[in-house]
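Below are some notes on the domains, the helix packing and a few local backbone features. Please read them alongside the sequence and the coordinates.

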Amino acid sequence: MLTTIVSWTVSVIMLLTSAGLLLSRDWRIQLGLLAVQYLGVFWLVQLHWPLAMAATKLITGWMVTAILGITYNEIQGQVREVEENWQQGHAFRIFAVSIVSVIALAITPQIPQFLPGIGLQEVTSSLILIGIGILHLGITTQYFRVILSLLTVLAGFETIYAAIEGSVLVAALLTGTALGLALVGSYILIAPNWNKTE
Amino acid sequence: MNAIFLWIIIPVLAAGLTLLINRQQHIVIIGGIVSAILALTAAFIPVDLALRFGPFSYKITSSLQILGRSLTLGQEDQTGLGIIYGLLAFWFFGSGVAQVSRRLVPFGLVITSLLVASFAVDPFLYAALLIEMAVLLSIPLLVPFGKPVSRGVIRFLIYQTLAMPFILFAGWLLPGVEASPGDLALAIQSTIMLSLGFAFLFSVFPLYSWIPMLSEDNHPYIVSFILWILPTIAMLFVLGFLDRYSWLRNSETIPQALRIAGLIMVVTGGIWAAFQNHLGRMLGYAAIVETGFYLLALSLLPETGVEIAFRLTIPRALTMAIWALSLSVLQSKAGSLNLLHLKGIARSYPVATIGLTLAQLSAAGFPLTAGFPFRLVLLEKLSTQSLTTIFWILIGIFGLLAGAIRTMTNLSTTTENIPWQLNEDIYQTVLIGVGILTLFALGLFPQIVHPFFRYLPVAFEHLGH
C-alpha cells in the first residue's frame, strides 16, 4: 500500500519535473529538475529490478546532470544564463502539458494488457515523460533543451522497459546511451565556442 | 584468436593508436591497412574451422561472453564483415585527400566496431542500443571544434535516437505475435512500433529532412561516410528481423509497405536532386535514393531480395565515396559547393570534375558504371510484379540524371577563356582515378565482387537460400 502511494507520488513528481523542464528558463533549475527526475526513475525501476541494479539509473542520471552542469558552468558568459525568449507562450506550454498528461492518463489502463506485470504508476510516469519529452523536442531548437528532452524521453522509455527486460547487458547499454547523450550534449555546447574558451 | 577480438576489439585498439599519431599520412595508412586486412580475413579465412600451416594449427573461434550475453560472429556474418571492412579501407584511403583522416579514421573505426557488434550481439534486438551508440559517436565526427553545430546534426541525433525505443519495444512484442499469430491487436501494435523504429532509422520519407541539411553544412566526405554506413547496417538489422520472424517474412503487407516507402524515397529524392544548386545537398538526395533502392530490394524478399540488397552495398559505397572525394577537392579550391561558385572549375580541376560526374551518373544507374548492373537486376525483378513501380522509379532516376547533367554543364561552362590545366595533386589524381576505374570495372564486370558473397547463402537462415 505504502509502495503504491509513494509510486503515485513519484508519478506526480515526474509530471512536475518534466513540465518544469519545459517551463523553466534557468539552466540550474533545469538540471535540478533533471536530477529529481532520475530519482523518480530509480524508484520506479527498483520495483522491477534488484536495488543494486536500479541504483545504476540514479547514479547514471546524476552523472548526466553533473556532466551537463560542469559544461554549462565552463561556458558561462558565452551562452545566455537565462533564456529571454522562453518567457513567451507560457500558457500555451502549460496547456500542451495538460493535453499530453490527459492523453497519457487515457492510454495508461491499456498498456498493462500487453505488458503483464507492470503497474499503472510506472506506465503513467513513463508515458508522461515520453510525451512531454517529445513535446519539448517539438518546440525547441536550442541544443541544451534538445539534450534535456532526449534524456527525458529515454528516462520514460527506461522506466517502462525495466519492467519487461532485466538483462545486465541492456542496463549497461542504456547507461552507456544516457551518458553518451550527455557527453554529446556537452560536446555540442562546447565545440562551437572552443576557440573562445581556450 | 577470437572473431570478436579480431573484428570488434582490434579496430577499437587501432582507433586508439591512430589518436596518438600526429601525421595524417600515417593515420590513413594504419586505418586503411587494418581495415583491408580485416576484410581479407573475413573473405578468405572461415570462422570455426581449423587451418593448418605446416606444424601449426590455427582457428578463429566465433563467440565471446560479455555481461552474461554472447557476442557471436560466425561464418554467416563473414559476407557482411568482408564488405564493410573492405569498403571502410577504401573510405580511409580517401580520407587523406579529403583532409579529414584525423577525425574519420579513429571515429570511423570505433563506429564500425560498434555496428559490427550490433550484428554480433545475441539477442540481436540489443543491436538497436549499439547502433544508437554509433550515432552518438558520429556527432563529434560531424562537428569539428570551433565550427557551429548545424540544424541537420541536431535533427540527425533526434531522429536516430527516437528509433531505438521503438525498435526495442517492437522486438519485445514480436515473439508474442509469433507465439499467437491470431492476436491481431498485438500484431498491429508490434507492426506500428517496428515501422516507426525503422522509419526513423532508415530516414524514410518524410523523416529524411536532416540528410540534405547535414550534407549542406558539414564536410561532404564525413557526411557521405555516415550516409553509407548507417543505412547499410540498418539494412542488415532489418534482414535480421525478417529472418527471425516467420510472420514478418510471410506477411503480404510488409513487402508492399517496403516497396511504397522505397518508391517514395526514390521519386522524391530523385526529383529534389534535379533542382539542387548545392552539390552537397544533391549528394544527400542521392543517398536518399540509394536507401530507397535498399528498401525496394528488401521488398523482393524472400526470393531474391537479400542478394540484390547485398550487391547494392558495394556500388553505393564506391559511388558515394568518389562523389564525396571529388567534392572535397572542389570545396578546398572554391570554398563552397554551390554550382554558381563552381562555374567553369572543370578547366582547372578536370579529374575531380570527371570523378564527380561519373559518380553522379553511377548513382543514376547509368550503363557501364557500377550502379547499373545490380540496379538493372532490381528493376527486372520489380517489373515482373508492377510496371507502375518501374515507371515511378524511372522518374526518380531521371531526376538524378538531370542533376548530373546540370552539374556537368555548370562545371564545364565559363565565359572566361581559362586554359585547361591539372591542379589536383598526384595523390588526389591517383585516388580519384582508381575510383573512376573501379566504377567502370564494376559496371563492366560485376562478377569481380563475387568472392565477398561466398558466405551469403548461410548469412540468413531463412532468407539466404
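1. In this predicted model, the C-alpha centres of domain 1 and domain 2 of chain B are 23 Å apart. Domain 1 covers 1-122 and domain 2 covers 123-459, with bounds that come from an automatic or database domain assignment. The contact (heavy atoms within 4.5 Å) takes 40 residues from domain 1 of chain B and 48 residues from domain 2 of chain B.

2. About 4,000 Å² is buried between domain 1 and domain 2 of chain B, and carbon and sulfur atoms give 80% of that area. Buried area here is the accessible area (1.4 Å probe) that two parts lose on being put together, summed over both. B:Trp91, B:Val97 and B:Arg103 supply 19% of what domain 1 of chain B buries against domain 2 of chain B, more than any other three residues.

3. Conventions: the model is predicted, local features need pLDDT of at least 70, side-chain atom pairs count only at pLDDT 80 or more, and totals for chains, interfaces and linings use all residues. Residues are numbered from 1 along each chain as its sequence is written, chains are lettered from A and ligands numbered from 1 in the order in which they are written, and side-chain values use heavy atoms, with hydrogens and water left out.

4. Helix H11 (residues 253-274) and helix H12 (residues 279-298) of chain B pack with their axes 7 Å apart, at an angle of about 160 degrees. Helices (H or I, at least four residues) and strands (E, at least two) are DSSP runs, numbered from the N terminus. Axes are lines fitted to C-alpha atoms, for helices over the stretch in contact, and angles run from 0 to 180 degrees between N-to-C directions. H11(B) and H12(B) are therefore roughly antiparallel (angles over 145 degrees; under 35 counts as roughly parallel, 65 to 115 as roughly perpendicular and the rest as oblique).

5. The crossing of H11(B) and H12(B) is left-handed, that is, the near helix is turned anticlockwise from the far one by less than a right angle. Residues in this contact include B:Gly262, B:Gly269 and B:Gly270 from H11(B), and B:Tyr285, B:Gly292 and B:Phe293 from H12(B). By class, the contact of H11(B) with H12(B) has 15 nonpolar, five polar and one charged residue. Ala, Val, Leu, Ile, Met, Phe, Trp, Tyr, Cys and Pro count as nonpolar, Asp, Glu, Lys and Arg as charged, and the others, Gly among them, as polar.

6. Helix H6 (residues 151-179) and helix H9 (residues 220-244) of chain B have axes 12 Å apart and an angle of about 10 degrees, which makes H6(B) roughly parallel to H9(B). B:Phe156, B:Ile167, B:Gly171, B:Leu174 and B:Glu178 in H6(B) face B:Ile226, B:Leu230, B:Phe237, B:Phe241 and B:Arg244 in H9(B) in the contact. These divide into seven nonpolar, one polar and two charged residues.

7. Which residues does B:His219 contact, leaving aside its neighbours within four places in sequence? They are B:Ala98, B:Val100, B:Ser328 and B:Gln331. B:His219 is in the loop between H8 and H9 of chain B.

8. The peptide bond from B:Phe205 to B:Pro206 is cis, with omega near 0 degrees; B:Pro206 is in the loop between helix H7 (184-202) and helix H8 (210-217) of chain B. B:Asp48, a residue other than glycine, has a positive phi near 60 degrees.
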